[in-house]
Every structure is written in C-alpha cells, then in structure tokens.
Amino acid sequence: MGSILEKYGIKEVADICFYTIGADGKPGNPVLFIDTAKTSTTETSADSVYAQGGKGNPRLIGWDFNKNITLNLEDALFTMKSMALMYGALGNEVKGSSTGTIRKTIEYVATDTTVPTEYKWTDINGNQQTASNIEIYDQNGTKTTDALVKGTKYYMTFTVAAKTQEIRISPDRFPGTYYICCDTFCRSEANGMDDYFQLIIPKGKITSDTTLTLEADGDPVVFSMAIDVLRAKDEDGQNIMMKL
C-alpha cells in the first residue's frame with residue numbers, strides 16, 4: 001500500500017499507445033502510437049442521490065452511480081493512421097499509391113483563344129507540375145470547348161500525378177475500441193528523481209464526434225480525440241475501468 005508520506009508531482013504529457021484487444025481482453029498488436037500529444041485529460045463523473053429527512057431536510061446517506069470516465073487527447077500532429085482511427089475508416093485502412101492523381105481547380109486568364117491541352121502549374125512547394133486532362137469553365141461554371149476570349153478569367157480544372165494516401169469514411173463504419181496505455185513520469189518530492197507513471201484503460205471506445213477546423217489565422221490545428229472508458233475484466237476477474 002502506498003504511503004501517504006510519499007508525495008509526487010506530475011507535469012509531462014503522456015505518450016499514448018493504442019492496442020487491439022484480444023479475445024481474452026488482453027492487449028494485442030499496437031495500432032497507433034502518439035508521442036506528440038499536447039494534452040491528455042481524464043475526466044471522471046458520477047450521479048448521486050441522497051436520503052434526506054429530519055428538521056431542515058439534511059442529507060443523511062448518499063449513493064453514487066453511473067460512473068463515467070472520458071479520456072480527451074489533443075495531438076499537435078497527425079498521421080493518416082490516427083485520422084483513420086478517429087474517423088472510423090474502413091478497416092482503419094490507409095490506401096497509398098505512388099501513381100495516384102489529385103484534382104485541382106485554379107483561376108486561369110486566357111493567354112490566347114485556344115483551350116490548352118497542357119499546362120505548367122507550380123505547386124505549394126514551388127515545384128513545377130504538368131497538368132493534364134484540362135477542362136475550362138466560364139464564370140457561370142459552364143464547361144467551354146469553344147474559342148476563349150484572350151485576357152478573360154476562366155476556371156481551369158485538371159489532374160496532376162502525385163504520390164497519394166487516402167482514407168475512406170463510410171456511413172456504416174465507426175471508430176473502434178482499444179486497449180490504451182498512457183505513459184509519462186512523476187517526480188518524487190523527497191529526492192527529485194523521476195519514476196514511470198502509467199494510465200491504463202483496458203477498454204476505451206473512440207467516440208464518433210470529430211471536428212477538423214481549418215482557418216486562415218490563429219494557432220495550428222490541434223487534432224482532438226475523445227474516448228469513452230468501458231467496463232472491462234481485470235486479470236483476477238474483477239470489474240475495472242482504469243488503472244493508475
């Protein structure tokens with residue numbers, strides 16, 4: 001049993017690893033590792049009722065029930081795998097291709113009267129790309145194959161060869177349930193030495209509520225993930241939700 005005289009402080013954010021859960025409830029293969037988290041917050045709540053009576057109707061006995069634990073993670077960076085888990089992509093799969101394409105639309109001011117068959121386009125990294133499958137649309141969004149008016153602004157849609165990664169989000173797939181280990185350290189007041197400290201959730205369900213905010217100013221996007229803690233069985237058969 002821990003002594004009340006042993007005091008520790010915790011400051012550092014945790015590294016988090018998600019594991020599959022085996023048929024025996026034990027952790028299986030790691031599926032996601034996060035070492036760029038900004039915060040990892042654990043919130044515990046419960047409902048309470050009281051027997052009340054006597055003069056002034058004071059509370060006499062209390063009962064707690066409906067315990068809920070939620071783990072909220074904020075990651076400074078993302079991987080395609082973390083996005084797949086957050087959105088419940090099909091099989092958590094990230095489809096990759098070294099010969100894929102992306103579709104772009106840009107403003108185009110006609111340099112002559114002909115619809116170009118090829119266009120040199122500079123990407124966000126300053127690299128020149130060759131656009132193909134070009135389509136020209138006028139200001140009303142109508143595709144045109146007729147002669148262009150030189151100096152007039154149109155919209156050009158085209159495809160560019162690219163190495164791509166893709167996750168596919170379907171209406172009948174949702175985020176899964178995982179064994180989650182949050183690994184950090186605590187510091188002893190007595191000697192200033194660090195000890196490992198872990199928060200373990202044997203059964204955590206990633207919620208489906210996900211927000212991705214893109215904005216022109218302010219801080220970089222923070223990738224948030226909320227996890228509902230479910231009841232699991234410990235090694236000795238006891239009900240458990242979380243270990244510290």
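What covers the buried residues of H1? The cover includes E3, E11, E12 and E13, where H and E label helices (H or I, at least four residues) and strands (E, at least two), taken as DSSP runs and numbered from the N terminus. This is a predicted model, in which local features need pLDDT of at least 70 and side-chain atom pairs count only at pLDDT 80 or more, while totals for chains, interfaces and linings use all residues. Residues are numbered from 1 along each chain as its sequence is written, and side-chain values use heavy atoms, with hydrogens and water left out.

**Helix H1**
- Ser82, Met83, Ala84, Leu85 and Met86 of H1 are buried; buried means under 20% relative accessible area, exposed over 50%, and partly exposed in between (1.4 Å probe, protein chains only).

**Nonpolar cores**
- A nonpolar core is a set of buried Ala, Val, Leu, Ile, Met, Phe, Trp, Tyr and Cys residues joined through side-chain atoms within 4.5 Å.
- The largest such core has 21 residues, and Ile16, Phe18, Ile180, Met225 and Ile227 have the most contacts inside it.
- Two or more residues of this core come from each of strand E2 (15-21), strand E3 (27-34), strand E5 (59-75), helix H1 (80-87), strand E11 (177-188), strand E12 (194-206) and strand E13 (223-229).
- There is also a second, separate core of 12 residues, which includes Ala110, Ile134, Met156 and Val160.
- Ile227 touches residues including Phe18, Ile69, Leu71, Leu73, Ile180 and Ile206, not counting residues up to four places away in sequence; contact means heavy atoms within 4.5 Å.
- In soluble globular proteins, nonpolar side chains tend to be buried together.

**Thr144**
- Thr144 lies in strand E9 (residues 143-144).
- Thr144 counts as buried because its relative accessible area is 15%.
- Val115 and Ile136 are touched by Thr144, leaving out residues up to four places away in sequence.
- A polar atom of the Thr144 side chain lies 3.3 Å from the backbone nitrogen of Asp146.

**Salt bridges**
- The structure holds 7 salt bridges, a salt bridge being a side-chain nitrogen of Lys or Arg within 4 Å of a carboxyl oxygen of Asp or Glu.
- Side chains of opposite charge can pair when their charged atoms come close.
- Glu166 and Arg168 form one of them, with the closest N and O atoms 2.6 Å apart; Glu166 is partly exposed at 34% relative accessibility, and Arg168 is exposed at 52%.
- Asp194 and Arg187 meet through their side chains in a salt bridge of 2.7 Å, N to O; Asp194 is partly exposed at 36% relative accessible area, as is Arg187 at 44%.
- Within the Lys143 and Glu135 salt bridge, the closest N and O atoms are 3.6 Å apart, and Lys143 is partly exposed with a relative accessible area of 47%.

**Nonpolar surface patch**
- Val49, Leu60, Ile61, Trp63 and Phe65 form a nonpolar patch on the surface, with about 500 Å² of accessible area together.
- Nonpolar patches consist of residues with over 30% relative accessible area and no salt bridge, whose nonpolar side chains (Val, Leu, Ile, Met, Phe, Trp, Tyr) are joined within 5 Å; accessible areas come from the Shrake-Rupley method with a 1.4 Å probe.
- E5 gives the most to the patch, with 4 residues.
- Phe65 lies in strand E5 and, at 37% relative accessibility, counts as partly exposed.

Conventions: Polar contact = N/O pair within 3.5 Å; in protein donor to acceptor, adjacent residues only side chain to side chain. Patch = residues over 30% accessible without salt bridge, like charges linked within 9 Å, V, L, I, M, F, W, Y side chains within 5 Å.
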